[in-house]
Every structure is written in C-alpha cells, then in structure tokens.
Amino acid sequence: MPHRIVTVSNPSWLKKDLEQLSISQEGQEVGRVPIEDLAVLILESHGTALTQELVVALSKANVAVVFCDERHLPLSCVMPFEANALHAKIVREQAECSVPKKKQLWKQIVQSKIKAQAETLRICNPKDREAKSVAKYLDELAAKVKSGDSENAEARAAADYFPALFGQGFMRDRDLPGVNAALNYGYAIVRAMVARAIVGTGLHPALGLMHRGPANPFNLADDAIEPLRPVVDQYVFDRAPDLPEDGSLAKETRADLLKLTVLDLYIAGKPAGIEPALARYAASLREGICGEGRKLVIPLRRP
C-alpha cells in the first residue's frame, strides 16, 4: 500500500521518469521516489513546475496532490475522477442514497467526533477539573445526538471543547496564526488522506452527507474527517507551547505536522496505521451509503 508523503518546499522541476517522481532543483536532480510508493505529494513552493505526464501518472496511482498558499497552508487538493473499477455504479448508488440513511450516518459521525473530543480532553488535561467536567458533558451530549444532528450537538460541543482544551479565550479562527494555523495545516493533511481513501472506494468525494457546498469538490471528505479532527487537536496540543503567536508556520513545524500521516490508530478494536484505518473507514462508509451496512467503522486514537 502506498505510504510516502513527499513535500516540495523549494522551487523545483517535477517530472515522471521510469515510473518515478523525479525532482530537480537548479538543473540538478535532487531526488527520486517511485510513484507507486506515493500517497500524498505536497507542493509548498510557488516556483515549482510539473509536467502533465507526471500529473496523469499521479492520478492513475490515486496520489493526492496538495497545493499550498503563500503561508504554506494547504489550499487545494487534486484527486483522480476515478480510482475504482465500479466507479460509475457506485456513484449512481451514492447519488440515490436516501435522506434518512444520510442522517443516520451523519449521526454516527457526530457522535464519534464528540466522544473523541471528550477522550482528547481526558488525555491532554487529565488533572484539570474544568476539562473533566466538559468531557463528562460531551459524553452525555454524544448519547443524545439525534438523526441528522437536528439539534446541532456538534456546534454545542465545539463551543465548550476548544476553550477546555486550549484555554479560556481561545477562538477557532482559520485566519489566525499559532495554534489555529497548526490546526488548519493538520486538518488539511488529514483531509487529503480521507479524500484519497474515499476516492479509492469508488465514492465521489463531492457528494456529501451533510456538507453540500456547491463549489466544494470534497463535501464527503469534510463529512468523514470530523471524527479525526480531535486526533489533530491532540497532536497540536502537545506542541502548542512551541508555536509562534504570529507569522506563518516554520518549515520544521510543518514537517512535524506531516508525521500525522504515520500515526497509529485503532480500527474495530485493533491497532492500525492511519492509512489502512482510513481505508477501512471509507469502505464502511461506502457500505453505509450504497449497501445495507448500517454501522460505520471509525478510527479511534485509543481502543
């Protein structure tokens, strides 16, 4: 199974050569990676160019290509139209998925996310009374989530969770530096991996359960990533004291966040790397959307 995450941070020329990604800088080849080993390619430098032949090869290998903005934050992700032999059949069934079925699947996703948030608080702030109290509240809230999260438990949980994790006064803001920038980066990396797993099942990432942005090609990935966000939160929490309060993320910080792609998780009670765990999760999502499966198999940080 492909497993390598490659980041290109300096102006480079990328091409396909002998079924490998060839990286050249200032006229000299500086690296080669077999395309079959690649899972994600992250392009941070605005001075980087790549050939169409390479893009096609990456698409055929179901490699997620992530483009970053001037702050080095992931801005967009390119995925193949199809990575499964039954793509057309699966997409047709996905489009016909009933609203009640979508609502039941979304309920499971929200419940799992809120439970994971409670677990994250217990791991990160084990002696903090406020965090313990919020974790207990989140457990109770998760048990009360209704079909389609009709009472918006997800948002109510977030309002108490983030201050309990990162301190009173913390505000989740996509445009702020420091912890917020690190969260943005971590979420974007995991989102690309989730999208890649979804495409691998034959599902179309634009057809979401509850996310329905007309210009968003990854609505389903934005649904599926929700229970994984607390994994990123915990990772960033451990590094929060070292994050700058202004400016963009340092290259070393970004490299550290990329280690999220090799985290060990648990799936169905058994340990697994994040990539196979996401593949199993995406397969259960396809069964839930297109088949008779009712229960999602969602990765957890702890069994």
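Analyst: What follows starts with the salt bridges, moves through the helices around them, and ends with the sheet. This is a predicted model, in which local features need pLDDT of at least 70 and side-chain atom pairs count only at pLDDT 80 or more, while totals for chains, interfaces and linings use all residues. Residues are numbered from 1 along each chain as its sequence is written, and side-chain values use heavy atoms, with hydrogens and water left out.

A search of the whole structure finds 16 salt bridges, a salt bridge being a side-chain nitrogen of Lys or Arg within 4 Å of a carboxyl oxygen of Asp or Glu. One of them joins the side chains of R191 and D222, with an N to O distance of 2.6 Å. Because R191 lies in helix α6 (residues 179–201) and D222 in helix α7, this pair ties together parts that are 31 residues apart in sequence; helices here are DSSP runs of H or I with at least four residues, strands are runs of E with at least two, and both are numbered from the N terminus. R191 is partly exposed at a relative accessible area of 25%, whereas D222 is buried at 11%, where buried means under 20% relative accessible area, exposed over 50% and partly exposed in between, computed with a 1.4 Å probe on protein chains only.

Helix α7 covers residues 219–224 and also holds A221, which is buried, with a relative accessibility of 0%. Leaving out residues up to four places away in sequence, A221 touches R191, V194, A195, I198 and P205, contact meaning heavy atoms within 4.5 Å. R191 is therefore both the salt-bridge partner of D222 and a contact of A221.

A network of salt bridges links K113, E154, E226 and R229. Apart from its neighbours within four places in sequence, E154 is in contact with W106, V110, K113, I114, D149 and E226. Helix α3 (residues 99–124) contains T120, a residue that is buried with a relative accessible area of 3%. With residues up to four places away set aside, T120 touches Y161, L165, P230 and Q234.

K259 and D256 meet through their side chains with N to O at 3.8 Å, and K259 is partly exposed at 48% relative accessibility. In the pair formed by R294 and E292, the closest N and O atoms are 3.9 Å apart, and both of these residues are exposed.

Turning to the sheet, four strands form an open arrangement in the order β1-β5-β7-β8, with mixed pairing; two strands pair if DSSP finds at least two bridges between them. Strands β1 (4–8) and β8 (74–78) stand at the edges with a single partner strand each, so one side of each has no neighbour in the sheet. Strand β7 (residues 64–68) runs antiparallel to β8 and is joined to it by four bridges, and V65 has V78 in β8 as its bridge partner.
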